[in-house]
Amino acid sequence: MSCQTTPLGSSCLDLWREKNDRLVRQAKVAQNSGLTLRRQQLAQNALEGLRGLLHSLQGLPAAVPVLPLELTVTCNFIILRASLAQGFTEDQAQDIQRGLERVLETQEQLGPRLEQGLKELWDSVLHASILLPELLSALHRLAGLQAALWLSADRLGDLALLLETLNGSQNGASEDLLLLLKTWSPPVEELDAPLTLQDAQGLKDVLLTAFAYRQGLQELITGNLDRALSSLHEVASGLCPRPVLVQVYTALGSCHRKMGNPQRALLYLVAALKEGSAWGPPLLEASRLYQQLGDTTAELESLELLVEALNVPCSSKASQFVIEVELLLPPPDPASPLHCGTQSQAKHVLASRCLQTGRAEDAAEHYLDLLALLLDSSEPRFSLPRSRPGPCMPELFLEAAVALIQAGRAQDALTVCEELLSRTSSLLPKMSRLWEDARKGTKELPYCPLWVSATHLLQGQAWVQLGAQKMAVSEFSRCLELLFHAIPEDKGQGAASNCEQGCKSDVALQQLRAAALISRGLEWVASGQDTKALQDFLLAVQMCPGNQDTYFHLLQTLRRLNRRDEATALWRRLEAQTKGPQEGATWSLPLYLESYLSWIHPSDCEALLEEFQTSLPESCDL
């Protein structure tokens with residue numbers, strides 16, 4: 001083009017500025033367009049226009065009169081590109097660096113500085129800007145974009161140093177990023193300045209809101225509730241977009257719930273539900289609040305609404321083609337109160353809470369719906385337990401079977417168990433090798449044999465409910481046969497005893513053994529075969545000394561067999577245990593196993609001990 005021969009001529013500068021302003025107006029027209037395809041096309045055309053304009057400007061030697069416009073075009077290009085991509089990339093960091101290098105080129109300082117990083121470049125440029133006041137507004141806009149990029153990348157140390165330099169402080173006295181952001185005072189934009197998609201003050205407001213939100217949420221997760229409240233109130237009182245305000249109100253509700261202020265928590269959750277259509281997080285938090293208050297009906301209603309809400313596709317908000325608060329927020333942490341998961345995860349929470357609260361019929365239906373949902377999807381069939389929340393697929397089958405048995409639907413429970421066994425049958429030949437690896441300490445205690453053993457245990461209980469004693473005893477024996485292959489030779493060594501997952505599976509293994517032995521023993525008792533029952537209860541005491549239920553069943557059997565001396569010794573031991581301090585379980589058990597153990601728990605153990613005491617001869621009651 002002809003004006004490339006006179007790059008500093010006013011006519012060329014006017015043409016470049018006119019093109020920038022036209023492209024900015026085009027992007028704003030696209031922003032207000034109701035047609036998605038038209039929006040995207042107009043915005044993409046504007047982006048390509050800005051790219052070409054920036055290429056033309058940077059193809060010429062850097063000159064102070066042109067730099068305010070060049071830096072403005074750089075900012076507009078980065079803003080539009082980041083908003084269209086819904087995130088920052090390494091390319092944007094390079095665009096910022098190129099803009100800073102162009103400033104230093106005008107000061108003939110670039111030569112030895114090419115190896116500098118962005119932090120050092122910013123320090124040099126902001127010091128040079130004292131000599132170039134006409135660049136100050138454009139540099140603050142570029143600094144706002146740098147701050148946004150570093151905040152989204154969690155480079156808070158670099159961000160603090162940048163803000164200190166912008167604020168004219170170099171002593172590093174303040175470590176409070178929120179205070180540094182508030183102190184930052186971008187220069188007022190001149191009326192005749194080139195058009196921008198977003199000025200420095202707008203970027204500052206977005207940064208303030210995003211950082212306060214991130215800080216408040218992190219404080220909430222780590223339990224610093226007072227500081228969390230302070231930061232979250234800062235967000236709510238600022239220029240907070242509605243989708244973010246829903247999350248802020250939900251976080252405030254969670255904060256007040258944890259602080260023991262249920263009424264205030266409920267007010268914030270209601271406000272969150274009124275603010276927008278993102279109902280998942282506030283509904284999940286409401287269920288936690290009602291659970292804490294002991295209102296099971298309201299808790300389950302909230303979870304049912306949550307499942308429905310997650311089934312409705314979220315209507316994505318149209319991008320505004322500026323840097324927005326949401327762009328600077330990380331995805332919800334699984335530990336965050338705002339992480340409500342998928343519909344299947346919410347369905348599982350609902351089903352498991354129904355099971356835990358004694359609503360067996362509802363639990364059974366929810367579990368069957370959940371299995372249908374998962375088996376119809378493209379999710380992997382099975383996976384070992386990972387650090388993610390919630391159980392894996394085999395445990396869902398087992399929980400479903402437990403719910404069906406508890407609801408009196410034994411035949412359906414058998415069907416679910418058969419389905420699980422058919423899906424794990426291909427792994428059965430590998431079980432002996434898996435156990436051998438665990439014994440040698442080369443691998444964690446494997447989970448698959450536990451699932452298969454538990455399946456036979458539940459099948460046995462289903463047959464008990466159907467009155468088929470022979471089938472029940474056969475299934476309990478099959479469960480024990482598999483479990484007795486799983487005895488580690490040395491519990492003091494090996495991966496299974498040295499890692500958390502190994503310990504968890506080892507505890508589950510012990511409790512499964514006890515459950516199977518007690519269950520088979522109870523069937524012997526029901527058929528009048530107390531001697532066989534005694535053998536199972538004695539073995540259960542030996543294999544799982546931490547399970548008190550085994551002692552109570554053993555005591556009752558010893559009484560029936562009139563073995564008074566052994567019964568008396570066992571009674572004294574039980575009485576001492578019940579009077580002493582009770583040790584809590586080190587590891588929580590899977591829900592299916594917890595539910596099963598509650599079925600075989602002897603009713604009113606204290607009454608049993610008192611009854612036994614009254615039957616003792618006086619000479620024994622000393």
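The model is predicted, so local features need pLDDT of at least 70 and side-chain atom pairs count only at pLDDT 80 or more, while totals for chains, interfaces and linings use all residues. Residues are numbered from 1 along each chain as its sequence is written, and side-chain values use heavy atoms, with hydrogens and water left out.

Select D295, E301, E304, E308, E361 and D362, which gather in a patch of negative charge on the surface; patch members have over 30% relative accessible area and no salt bridge, like charges being joined within 9 Å, and a salt bridge is a side-chain nitrogen of Lys or Arg within 4 Å of a carboxyl oxygen of Asp or Glu. Colour α14 (296-311) and α16 (360-375), each of which supplies at least two residues of the patch, with α14 giving the largest share, 3 residues; helices are DSSP runs of H or I, at least four residues long. Within α14, pick E308, which counts as exposed because its relative accessibility is 51%, the cut-offs being under 20% for buried, over 50% for exposed and partly exposed in between, with a 1.4 Å probe and protein chains only.

Next, select helix α20 (residues 448-466), whose end C-alpha atoms are 27 Å apart, in agreement with the 27 Å that its 19 residues should span at 1.5 Å a residue, where the expected span is 1.5 Å times one less than the number of residues. Of these 19 residues, 15 are buried, and just after α20, G467 takes a positive phi of about 80°.

Finally, go to D205 in helix α9 (residues 200-222), which is partly exposed at a relative accessible area of 26%; the C-alpha atoms of D205 and K182, 23 residues apart along the chain, are separated by 9.0 Å.

How values were computed. Patch = residues over 30% accessible without salt bridge, like charges linked within 9 Å, V, L, I, M, F, W, Y side chains within 5 Å. Areas by Shrake-Rupley, 256 points an atom, 1.4 Å probe, with all protein chains shown as cover. Lys, Arg positive; Asp, Glu negative; His and termini not counted. Charge placed at Lys NZ, Arg CZ, Asp CG, Glu CD.
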